[in-house]
Amino acid sequence: MLKQNELLAAIQQFPRMDNTISIWDHPNFKSSIALPDDYRPLTRTEDGLELMNRRRLNEEHITVLKVVGDAICANENQLRRYLSQKFSPSITSRHLKLLGKFGLVERHKCRLAFIEEDGKEVIRPPGPHTLGIGGFKLMNHLYGECTFTSPDIWQQNSMAVQRHVAMNEIRCLAVESGNVRGWSWYPYVGGNAKFKKPFATMRLETGIGELQMLIDRAQMSQNFIGYFRMRLEEYRYLYERDQVIIIDGFEKTSLQQIVALSVSSVSMASFIQEQLRLHTYPFDIWFIIDEWFSEEKGLEGACAQVTKEGIHRRKVAVLRKK
């Protein structure tokens, strides 16, 4: 049985200051695969390799495909920004269109249930992209040391689309600061595969050393209070055992290590702090708040620390967009 506060969190909405709710955290979010009119999907690794041999797929296409695979699920705007040092936005979109034709990537169309205009569903661009069947197999063949996400997981799993697009915005803005030195999706922690994996971890270079972040995401449509309570208690155990939360592939010692809770709004962050009293944990906990993202300054002003009085916005210069 859910506790009363967890039931409240499961049904309550947490709007932004302007009383709107981000589409990437809206409880009524829905998504589905949008197949192109000239769809000719490849289903075998050999098919992709044959296109490469015939030069229908070139190095640029493979670069875009790898970026989609590394992002897991990112919208077109984010993919354009990830590739901005290599291609113009129009070229990135053109490559995505060709990859979609062959089913190497899949584009998702998104909408909010119960919201219509003139009796029609409202489609919300830019569409998220994931690896398709052929792209998943080709990437696994070309980059066997990497882990890619099977296209099967997106069927009937709109919340996964939301979470990954929201997290990719943090990843994208952090990369645009020029100070990211490492990012991992779902890494092992605590020196043992039995411990639950964080959504993502990030290493940042600061003027006085390394900053490590373990990042998890709250979604309004889930019991995020119960989820965070369980996750933070496990982190407490690991921290008290090792005086640090060991992350696979990251240095065991760093300047600072922070557990960051990604949320869409200030009201949601305040509710979580009220329910979980985050300041009582033995490690630093911050919020990263979508509502505070800035096109000009990136994540510089998007973080908040917690005290017994509540949440307090913090300026983080190392996260400023260049």
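User: Why does Ser177 count as buried?

Analyst: Buried means under 20% relative accessible area, while exposed is over 50% and partly exposed is in between (1.4 Å probe, protein chains only). Ser177 sits at 1% relative accessibility, so it counts as buried. Bear in mind that this is a predicted model: local features need pLDDT of at least 70, side-chain atom pairs count only at pLDDT 80 or more, and totals for chains, interfaces and linings use all residues. Residues are numbered from 1 along each chain as its sequence is written, and side-chain values use heavy atoms, with hydrogens and water left out.

User: Which residues is Ser177 in contact with, leaving aside its neighbours within four places in sequence?

Analyst: Contact means heavy atoms within 4.5 Å. On that basis the list is Val318, Leu319, Arg320, Lys321 and Lys322. Ser177 itself lies in the loop between α7 and β6. Helices (H or I, at least four residues) and strands (E, at least two) are DSSP runs, numbered from the N terminus.

User: What makes the Ser177 side chain and the backbone nitrogen of Asn179 a polar contact?

Analyst: You need a pair of N or O atoms within 3.5 Å; within protein, one must be able to donate a hydrogen and the other to accept it, and residues adjacent in sequence count only if both atoms are side-chain atoms. Here the backbone nitrogen of Asn179 is 3.2 Å from a polar atom of the Ser177 side chain.

User: Why is α3 called roughly perpendicular to α6?

Analyst: Axes are lines fitted to C-alpha atoms, for helices over the stretch in contact, and angles run from 0 to 180 degrees between N-to-C directions. Under 35 degrees counts as roughly parallel, over 145 as roughly antiparallel, 65 to 115 as roughly perpendicular, and the rest as oblique. The axes of α3 (residues 59–71) and α6 (residues 133–142) come within 11 Å and cross at roughly 100°. That makes the two roughly perpendicular. Ile62, Leu65 and Lys66 of α3 make the contact with Gly135, Leu138, Met139 and Leu142 of α6.

User: What makes α2 and α6 roughly perpendicular?

Analyst: Helix α2 (residues 45–53) packs on α6 at about 75°, with the axes 8 Å apart. They are therefore roughly perpendicular to each other. Thr45, Gly48, Leu49 and Met52 in α2 meet Lys137, Leu138, His141 and Leu142 in α6.

User: How do you know that β11 and β12 pair?

Analyst: Two strands pair if DSSP finds at least two bridges between them. β11 (residues 303–307) and β12 are joined by 5 bridges, so they pair, and they run antiparallel.

User: What makes β6 and β12 edge strands?

Analyst: The open sheet has 7 strands in the order β6-β7-β8-β9-β10-β11-β12, with mixed pairing. β6 (180–185) and β12 (310–314) each pair on one side only, and those are its edge strands. Neighbouring strands of this sheet are turned by 30° against each other on average, direction ignored.
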